[in-house]
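Please look over the sequence and the model shown below before reading on.

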Amino acid sequence: MENLNTIVTITCSRDFEAMKRQARSIDLFVIEQCTHFVVIEDISIGIDTWKLELQPFYARHKLVLLTADDFNINLKELREINGWLAQQLLKFYIVSKITTESYLVLDSKNFFIKHISLKDWPVTEGNGMSNEILPSNKWNDFVKYISDVLNIPIPDKFFPAHTPFIFRTSVVKEIINTWNLVNIVFKFKGGYEKVSEFNIYRFFSLEPLTVVEFYKTFWPGNAFPTTEEISQLHVNPAILMLGLHNGLYEQKPLEFQELIQFIEDTIFKPVISS
């Protein structure tokens with residue numbers, strides 16, 4: 001994408017260490033200058049500490065640190081119920097700060113593993129994946145709810161709730177200018193774990209979905225990633241980014257730390273020394 005030079009991460013204090021890893025990967029692997037908006041949903045760690053730890057990675061790029069209070073919306077009730085809901089909506093409301101035609105949204109767990117020019121990003125919208133909403137799918141209740149509230153037919157295909165994800169700025173502006181998303185999400189009674197910002201987005205963007213594999217995320221509950229898997233993904237030219245969910249640390253703290261050290265030694269350090 002020729003004009004893609006904006007990255008957005010909505011994060012929280014729990015993911016402080018993961019954000020340092022992500023910032024370092026941007027420094028090492030993103031070729032052209034970019035602007036990285038980091039929005040901190042909570043204030044358990046003060047913004048000065050965030051700046052102290054992250055800013056050294058942005059000698060080439062621009063870091064913009066924000067908090068949820070920097071937006072002209074009332075997220076207080078949502079944040080009290082679940083900070084994750086507030087983080088989802090902030091991925092939309094960040095558009096008030098965006099001047100580019102699109103922006104790349106990451107979660108804290110994501111980090112680059114190869115040099116990449118953002119203008120060569122593999123997709124122009126979405127995350128390179130496609131799902132059907134089936135009756136057994138956990139998103140089904142929320143999708144039907146959104147369809148009823150917005151009086152819009154349910155699309156045939158949806159984006160899975162995965163990052164990295166390209167948002168088109170014009171689509172996001174249409175969404176927030178048309179609907180009070182805070183009220184819509186707050187009134188949904190089907191359980192916060194069924195809410196997906198990517199499903200909301202899909203209702204407003206009905207372009208054909210591009211399916212391409214260019215990242216790998218490891219989730220808790222699945223097989224714990226091995227160093228061999230990481231090595232194979234690193235040498236696979238198609239894979240640009242990895243994701244390590246924070247739950248992996250909670251699942252196996254020692255093994256997780258060993259995995260992070262392996263990534264440091266085999267992916268990050270060779271770039272620094274080259």
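## Overall picture

Among the contacts in the protein between residues at least 6 apart in sequence, 84% join residues at least 24 apart, where contact means heavy atoms within 4.5 Å. This is a predicted model, in which local features need pLDDT of at least 70 and side-chain atom pairs count only at pLDDT 80 or more, while totals for chains, interfaces and linings use all residues. Residues are numbered from 1 along each chain as its sequence is written, and side-chain values use heavy atoms, with hydrogens and water left out.

The protein has eleven helices and eight strands; these are DSSP runs numbered from the N terminus, with helices (H or I) of at least four residues and strands (E) of at least two. For 274 residues a compact globule would have a radius of gyration near 19 Å, and the 18 Å of the protein agrees with that; the radius is taken over C-alpha atoms, and the globule rule is 2.2 Å times the number of residues to the power 0.38. Along its principal axes, the C-alpha trace spans about 55 × 40 × 40 Å. Buried residues make up 53% of the 274 residues, with buried meaning under 20% relative accessible area, exposed over 50% and partly exposed in between (1.4 Å probe, protein chains only).

## Two helix pairs

Helix α8 (residues 197-204) comes within 10 Å of helix α5 (residues 140-150), axis to axis, and α8 also packs with helix α6 (residues 169-178), their axes being 10 Å apart. Axes are lines fitted to C-alpha atoms, for helices over the stretch in contact, and angles run from 0 to 180 degrees between N-to-C directions.

| Pair | Crossing angle |
|---|---|
| α5 and α8 | roughly 45 degrees |
| α6 and α8 | about 100 degrees |

The pair α5 and α8 is therefore oblique, while α6 is roughly perpendicular to α8; angles under 35 degrees count as roughly parallel, over 145 as roughly antiparallel, 65 to 115 as roughly perpendicular and the rest as oblique. In the second pair, V171, V172, E174 and I175 of α6 meet I200, Y201 and F204 of α8.

## A residue in a loop

Where is I73 found? I73 lies in the loop between β3 (62-67) and α3 (76-81), and I73 is partly exposed, with a relative accessible area of 22%. Leaving aside residues up to four places away in sequence, I73 touches L90 and Y93. The C-alpha atoms of I73 and N180 are separated by 9.8 Å, although these residues are 107 residues apart along the chain.
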